[in-house]
Amino acid sequence: MMSESWPVVEVLSGGASEVSAEVQRRLYEDMILLRSFDERAINLQRQGRIGTFPPSLGQEASEIGSAHALRASDWVVPSYRDHGALMVHGLPLSNVVLFAMGRTPSLSSALKALPTSIPIATHLPHAVGLAVAAQKLGTDDVAMAYFGDGGTSEGDFHEALNFAGVFKAPVIFFCQNNGWAISVPRARQTASETLVQKAVAYGIAGRRVDGNDVLAVYQVVGEAAARARRGEGPTLIESLTYRMGPHTTADDPSRYRPADEYQDWKESRDPIQRMGGFLMAHGLLTPEDDQAIRQAAQDRIQAEVEAAEALAPVEPGGMFQYVFRDPPGDFAAQQRRIEEAVSRG
Amino acid sequence: MAERNMIAAINLGLDQLLAEDARVMVFGEDVGKNGGVFRATEHLQERHGDSRVFDTPLAESGILGMAIGMAVGGLKPIAEIQFMGFLYPGLDQLMSHAGRLAARSQGQIHVPLVVRVPFGGGIRAPEQHADSIEALLVHTPGLKVVVPSTPYDAKGLLTAAVDDPDPVVVMEPIRLYRMGRQEVPDERYAVPIGPARIARAGTSLTVITWGNMVAVALDAARALAEAGEADLEVLDLRTLYPMDREAIGASVSKTGRAVVLHEAPMTGGLGGEVVAAIQETAFWSLQAPVERVTGPDVPYPPYAWEDFYLPNRERLVAAVRRTLKD
């Protein structure tokens, strides 16, 4: 069996971790923050205050553990469900709210992240290019691309892994296998028994990890990053997780997903419950701490939502402003025509 | 200064750009040891090393996607796509990403990417090696598109493209690579992105064109002048986006008549946009309807039909005569 060649790395079940208590605590806090944010965002969408939103419910360990294993100077190349990783990397949550309000949130120039990629897997070659740039500029930074099980079906997945292997690029392909690509189950994406085994075809390293075990994700991504920094090339990581929510707020998983599958993951494999239990068992968390962490998350989210909602509505010029650094002459005329129509409105 | 053909001018331009800035990288299929299928990158790997001039796996989306990442990561990538007919898998990268990242990041990210792509017909190439899809590129917001038709402009526009902070596609007319030589300065110079060029000044009618078809227009102009029949002005757009509407308006206002000439298929071709620009800038000067001389709405045919497909002097002269008659 192919899966036997790719052991699933787990830490929480082993009872001990070498990660510092401080980092363990941060991982837990950020998972709570992400879960709380997603729950709030779903409410905001139901109230009509934001548009369609893709929650990461159930994937908190994969998002938070992976991003914490990077340095600030590494590149995050996200797909559309990776606001958790971006948040850890330094993106204000107010920007995530703005994005869901149909606006273009400004990335800080200091943030080493590309804008959220909407098309599937076409951003994977960008991560290769960022890694090649780091390689040629002589830094030891790495790039990490986020994508899902559905993304492995795209041609750009193949091209990116193939290029990365040939150029030995310091890049990590972090695949969150959450079981579903909207309504299509993992088994309909590929006849491969695992996703990680695809690494073999490209001559690159592969790791399989329990994606609901935040300490295991943190460890495996950290090892892949260290490997890349040493010049040993790319790694494909298959992080086994589960999308406990809908694809987006516009989706209804009850149309296609067996209810008992969801119940099983929710009751016995929830990443936050597992890490919370682990911390309490090791005396690193009390119920009072837990309550305080959850309250702090709510307070922070409230402030971020208020910051986003306090911004003035967009102006027509905003869609012209940044397309080119040096805009063509015709832009001014096109913008003026729209602005005149608005002012006549 | 020496006389050079277009391919030699491009090779010299690439050599100088590589020499002056360590961030410049030249890559694509067969560009390394082989020096490119048209030899545009000949000897560059020997001179600048295989870290800066290198072959990629054979995959156009991978090439352009990697190039986008390299550009954002602080390099100045010059990617070669071997033929425009093979650009289609890479269009996703240009349309979904290269043209959007600056806007999507509110200007925090720029993509100083240059894509060189040989295009067009006229050399009896195998099927699907002769496409001209400038209309698709010009219709993609966020991209600049330039097309030299002379050795001088080929080097100068390439330099301007590398200097530009935004993604630029340089369409290189295959048929003109080795057709004719011209004085091309040894030193660095840039031909600015934007302004069109009056390839021949005239008074009776303006032919607006680009790339390979500039040679056809000049040939027709010569024939009509020798016959004492007409004095054509030939406007070589050189940059297709942003389009030099002022130059189009100025020339057609002067001559009062225009024919638009391109080798891509007619329907949805860039000629329609040029005609719109004419009526926006020179409508009240027009003395006759504007004609288009283009490839027909058929897939670029196998080369037995090439001479029927490509606009030539006879078709252009016929259109010019009809336009002058009114």
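This is a short talk on two chains, A and B, and on how parts of chain B are put together.

Hi everyone. Before we start, please keep in mind that the model on the screen is predicted.

Let's begin with the place where the chains touch. How many residues does each chain bring to the contact? Chain A gives 35 residues, and chain B gives 35 residues. On the chain A side, three helices each supply at least two residues: α5 (124-137), α6 (155-167) and α13 (329-344). Which element gives the most there? That is α5(A), with 11 residues. If we sort the chain A side by class, we find 19 nonpolar residues, 10 polar ones and six charged ones.

Now let's turn to chain B. Taken over C-alpha atoms, their centres are 26 Å apart. Where they touch, domain 1 of chain B contributes 26 residues and domain 2 of chain B contributes 20. On the domain 1 side, the elements giving two or more residues are α6 (134-138), β6 (144-146), α7 (151-163) and β7 of chain B. That side of domain 1 has 14 nonpolar, five polar and seven charged residues.

Next, the sheet. Chain B has an open sheet of seven strands, and you can trace them in the order β3-β2-β4-β5-β7-β6-β12, with mixed pairing. Which strands stand at the edges? They are β3 (53-55) and β12 (239-241) of chain B; each has a single partner strand, so one side of each has no neighbour in the sheet. From one strand to the next, the twist averages 20°.

Let's zoom in on β4(B), residues 76-80. Is this strand enclosed or open? Four of its five residues are buried, so β4(B) is largely enclosed by the rest of the structure. Strand β2(B), residues 24-28, pairs with β4(B) in the parallel sense over five bridges, and V26(B) stands opposite I78(B). Strand β5(B), residues 114-119, also pairs with β4(B) in the parallel sense, over three bridges. There, A79(B) has V115(B) as its bridge partner. While we are here, a general point: side chains in a regular strand alternate between the two faces of the sheet.

One last stop is helix α1 of chain B, residues 6-20. The helix lies across β2, β4 and β7 (168-173) of chain B, and runs at about 135° to β2(B).

Methods
Residues are numbered from 1 along each chain as its sequence is written. Chains are lettered from A and ligands numbered from 1 in the order in which they are written. This is a predicted model: local features need pLDDT of at least 70, side-chain atom pairs count only at pLDDT 80 or more; totals for chains, interfaces and linings use all residues. Two residues are in contact if their C-beta atoms, placed from the backbone, lie within 7 Å. Ala, Val, Leu, Ile, Met, Phe, Trp, Tyr, Cys and Pro count as nonpolar, Asp, Glu, Lys and Arg as charged, and the others, Gly among them, as polar. A residue is buried if 20 or more other C-beta atoms lie within 10 Å of its own, exposed if 12 or fewer, and partly exposed in between; C-beta atoms are placed from the backbone. Two strands pair if DSSP finds at least two bridges between them. Axes are lines fitted to C-alpha atoms, for helices over the stretch in contact, and angles run from 0 to 180 degrees between N-to-C directions. Domain bounds come from an automatic or database domain assignment.
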